[in-house]
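Please look over the structure shown here before reading on. The paragraphs that follow turn to the confidence of the model and then to the packing of its helices.

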Amino acid sequence: MEEVDVEPTTTLIPGVGLKQKHLGFEWGPGDILVYETNFRPAGAGSGCPSVHVVRKDEDIYSPILRKLFNESHHIFVGLQNITEDVPSKNKKPQFVSISKNYRSVIRACMEELQHVAVSTQDVTLVCQYSNQVSILLATELIWNLCEVLFIDAAPAGCLLLHLLDWVRLHKADVDEKAKEVLQSDSPTNHLAYWDVVISFILQGRVDEARHVLTKQASMQAASRTLYQLMDTLLHKMPVFNPSGTQTLTEFDMKWRHWHEECDRCLQDKSFASNPHLETICKILLGDEDAMLEHKELLGTWYHFLVSRLLFSHPTVKPAELHYYAKSSMDMFLDSRSVPEPLDSILLAAFEFDLHQVIKDCSIALNNWWFVAHLTDLLDHCKLLQSHNLHFGSNLREFLVLEYASGLVSHHSLWQLAVDYFDHCPEFGRVYLELQLERVPLETERKALKVLRICEQRHMTEQVRSICKIMAKRALSNNRLGSALSWSIRAKDAGFATLISERFLQDYCTRGSFSDLDLIDNLGPAMLLSDRLTFLGKYREFHRLYGENKFTEAGKLLLSLMTAKIAPRSFWMTLLTDALPLLEQKEVIFSADQTHELMFCLEELTSDNTEPKPEPPALGEDVETAKLELLRLALARNLAMAIVKEGTVEA
């Protein structure tokens, strides 16, 4: 497929290029931040500096089009779940149904946009909605044609019937005009009467054309014979019935006999007295000049193509379409006019050049939604297997990745992107890992959603990164419980130690623990770091003490000091906590345990003999009094323990 050089779309930024402003920019996941710098060249004007966000894809910020992205996501996921073991031919009805579901979503959004455009008063919004409707109209037109030609792959005979449905669906103004004519006081004298009749015939809606013609026949008794003759021709016009028993050859023969009968009527000048009926007879014979005289009724070259095939070659085969399409476009368009991008795309479809259709749509349309979903569906139909890109991924995966990458930048649609990445087997996981790291974690709820996605896919590094970010944010907001919970989830021993220190400092200041539920239920998580283990065990000591389980509390307190789990700076607090246990009537600490407590106290006081800055006199007195109390309590407890143990031994 040849590369086409296309000029990039110019995005106008207010103020750029004026007053010699000096700009800087910063790339984001889905947009660019353009800002005015402090640099001021000589002669530059002064003013308020400005910042502009240039978005790559504006459509994802439209509330109505977001419905398109949400609904199509469900269809996409359903398509991926179709089992691969069933042959592709047997899955064709499912693929056609899925294609129609995509189109129904497009049409629903288009109708809602039209409704909003009519009701709004803002001229700018009306223009914006009208542009979006035009794009969706073109999108649905192309998709419908691709469905007929590639997905349904209708054979000769059925092909023209599908093309007629395609034209009728996208040329619906005939019905409104017919309603206006038939509801008027005198339909036959209405200016649009013959336009309606010819429009119906050009669309192959013969029965409706006959119904409108009866109005004229009843009004003109002198010409009734002519109208009856035309009605007979229209009534006899063969229409292929795919569900019937008639073969394509039999239909073709019947159609040729009817065609000859129409030709005889024209040669006999049966309708010479009525120019309108004569024009209709010429159209029935496939007269291209007669059709082109009604360009305004046809509207487009592809309508002309289908009408031309209907009356000259109704058994056209798919392989023959490209010839008729090219010649119809050349005849219909002015020789000096340049085909629009839509014309080129439709022509490429009629030429069965799928890759050119996808390429031209990628250039012409303003986002990746259409090409990503259409290519994915065509790939499931096994129509793109032969086309691989040179940089490691096939066309389908490349386009799906581009579309999903655009969704990630949106504050709510980013979750949809995850499923698209999941169904890109080659690069999807790599893209997802990189994109999830860029998702802004504004709230804890959003962080939990991202975390769940990472955990389900065993993305260890991303899980750790998210937990660290949230832990640091919680700590900076002094939410110690949340910070500890995130650090445990991240399995970050260093950060868990830091937060545990903060908990202990907070306890020393306030005299009580915050977030008791979390600390009481640490479980195996407390083994993450020594400090966290101490925090959990120290809280357990307080719980045992509160439940009057003094013996267990005393053993736990002693083990915290002798096992060196408690930080040295916290020993005095632990010894102070031992005072109430030492003062109990019942002996809690044995003689050996009391000796260990004395050893800890002496070790702590010997460390404090080093010269330090002079403390305030009041603080020194308090510490001295506390030491004296501890020594006295320990000595008394030791005496009681020795007496008790000696008595027992005796």
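The predictor's confidence in each residue is given as pLDDT, on a scale from 0 to 100. For this protein the mean pLDDT is 83, with 85% of the residues at 70 or more. Over residues 1–5, however, pLDDT is below 50, and this stretch has 7 contacts (heavy atoms within 4.5 Å) beyond near neighbours in sequence. Residues 609–618 also stay under 50, and there the model has 1 contact beyond four places in sequence. Where pLDDT is low, the predicted coordinates should not be read in detail.

This is a predicted model, in which local features need pLDDT of at least 70 and side-chain atom pairs count only at pLDDT 80 or more, whereas totals for chains, interfaces and linings use all residues. Residues are numbered from 1 along each chain as its sequence is written, and side-chain values use heavy atoms, leaving out hydrogens and water.

Helices are DSSP runs (H or I, at least four residues), numbered from the N terminus. Helix H1 (residues 63–80) packs with helix H2 (residues 92–119) at an angle of about 170°, their axes, which are lines fitted to C-alpha atoms over the stretch in contact, lying 9 Å apart; angles run from 0 to 180 degrees between N-to-C directions. H1 is therefore roughly antiparallel (over 145 degrees) to H2. Among the residues that meet are Leu 68, Ile 75 and Phe 76 in H1 and Phe 95, Tyr 102 and Val 105 in H2.

The axes of H21 (residues 444–456) and H23 (residues 480–490) come within 14 Å and cross at roughly 10°, so these two helices are roughly parallel (under 35 degrees) to each other.

Key: Parallel < 35°, antiparallel > 145°, perpendicular 65-115°, else oblique.
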